[in-house]
Amino acid sequence: MIIPSNQRCIIIAEAGVNHNGDLAMAKKLVQMAAEAGADYVKFQTFSADKLVTKTARQADYQKKNLQSSDDDSQYDMLKKLELSVEDHYELIKCCKYHGIEFLSTAFDNDNLIFLMRDLDLDYIKVPSGELTNYPYLCLAATLNKPIILSTGMAVLEEIVSAVELLVSRGVKRSDIYVLHCTTEYPALVSEVNLKAMDTIAEATGCRVGYSDHTMGIDISVAAAARGAVVIEKHFTLDRSLPGPDHPASLEPDELKQMVIAIRNVQRAIGHGEKKPASSRELSNRAVARKSIVAACNIAAGELFSEKNITAKRPGSGLSPMLWESVIGQRAKRDFAENDLIEL
């Protein structure tokens, strides 16, 4: 199991394309993520012309979620979901107003440069589909930003190759966060395999996180408990809205519950030293533990034995762990039944 980090878990509320191409809806998503307490609200920055060919078909989950029939063009779907340059600046202003950080995933080199050099975002978020995009990774390595690397659909060798490429191009290993991910919308809980986080951490030497496409909040919280330092989760204003990702996204109250649960889990992980948590817990020893007491009246000079002593609360006297050293000793005074034994 991954040793949990003292680093505060970065929670990324993934708006993605759940704005449906509507800037007003995108701004509502920003507000919702801020109110939920997420650290970042993340969108997707792409040009359909640079991302796909006009003959590319939609993924099965996209066709299902969009209820596509004859028109299953990935290009047509993505064209409606683009954010303009002006939209990005508007969303950054909105983020500043609501007190949350803006983040976005670029799906091509030009947009990666725009996000990092023009907008100066905190992190490069490499989507799962670009994990094997050599020119994209080489460019990312030159931009002097920490990198969050998603790994949906990948085998371990591909992840290690991507990480080693970044490191060979000058990225510090400590600046790479590798997110385990199952690229299905929604992903089945039975296919999540959170133990893969441990495998990735050992193989890459990087800090790890989890990009969650399951329904509900349970798996994100479990990943945080296992030591994930980044959690990314899709969210929406309403799961019933039309669009490729809405059905596998959290609604407002669920996102808020997830953030609270992850923060509670991280507080509960603690420092690892086993000791009473506080003076409050320590004060309960006398109440909950037992002492060696007289099981009956004992006369001075009488030998303590299994028959005349027992263990009872409170725990303010001799510990029952001293039992063997008490047996066979002589009572220095008279003891009434239930008196704390003294040597």
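This is a predicted model: local features need pLDDT of at least 70, side-chain atom pairs count only at pLDDT 80 or more; totals for chains, interfaces and linings use all residues.
Local features are given where pLDDT is at least 70, side-chain atom pairs count only at pLDDT 80 or more, and totals for chains, interfaces and linings use all residues. Residues are numbered from 1 along each chain as its sequence is written, and side-chain values use heavy atoms, with hydrogens and water left out.

**Overall form**

The secondary structure consists of 14 helices and ten strands. These are DSSP runs numbered from the N terminus, with helices (H or I) of at least four residues and strands (E) of at least two. The radius of gyration of the protein is 29 Å, whereas a compact globule of 343 residues would have one near 20 Å. This radius is taken over C-alpha atoms, and the globule rule is 2.2 Å times the number of residues to the power 0.38. The C-alpha trace spans about 100 × 45 × 40 Å along its principal axes.

Of the 343 residues, 48% count as buried. Buried means under 20% relative accessible area, exposed means over 50%, and partly exposed is in between (1.4 Å probe, protein chains only). A contact means heavy atoms within 4.5 Å. Among contacts between residues at least 6 apart in sequence, 66% join residues at least 24 apart.

**Helix H6**

Helix H6 covers residues 109-118, and its buried residues are Asn111, Leu112, Phe114, Leu115 and Met116. What do the buried residues of H6 pack against? Their partners are strand E2 (40-45), helix H5 (85-98), strand E3 (101-106), strand E4 (124-126) and helix H7 (134-141). Just after H6, Asp120 has a positive phi of about 55°.

**Two buried residues**

Thr214 is in the loop between strand E7 (207-212) and helix H10 (218-225). Thr214 counts as buried because its relative accessibility is 0%. Its side chain makes a polar contact with the side chain of Asp212 at 2.7 Å. A polar contact is a pair of N or O atoms within 3.5 Å; within protein, one must be able to donate a hydrogen and the other to accept it, and residues adjacent in sequence count only if both atoms are side-chain atoms. Leaving out residues up to four places away in sequence, Thr214 touches Ala187, Val192, Ile219, Lys233 and Ala248.

Ile200 is in helix H9 (residues 196-204). Ile200 is also buried, because its relative accessibility is 4%. With residues up to four places away in sequence left out, its contacts are Thr151, Leu156, Ile159, Val178, His180, Gly205 and Val208. Ile200 and Thr214 are 14 residues apart along the chain, and their C-alpha atoms are separated by 20 Å.

**Backbone details**

| Peptide bond | Form | Omega |
|---|---|---|
| Tyr185 to Pro186 | cis | near 0° |
| Arg313 to Pro314 | cis | near 5° |

Pro186 is in the loop between strand E6 (176-181) and H9. Pro314 is in the loop between strand E10 (309-312) and helix H14 (323-326).

Asn193 is not a glycine, yet it has a positive phi of about 60°. Asn193 is found in the loop between E6 and H9 and is partly exposed, with a relative accessible area of 49%. Asn338, likewise not a glycine, has a positive phi of about 80°. Asn338 is in the segment after H14 and counts as partly exposed at 41% relative accessibility.
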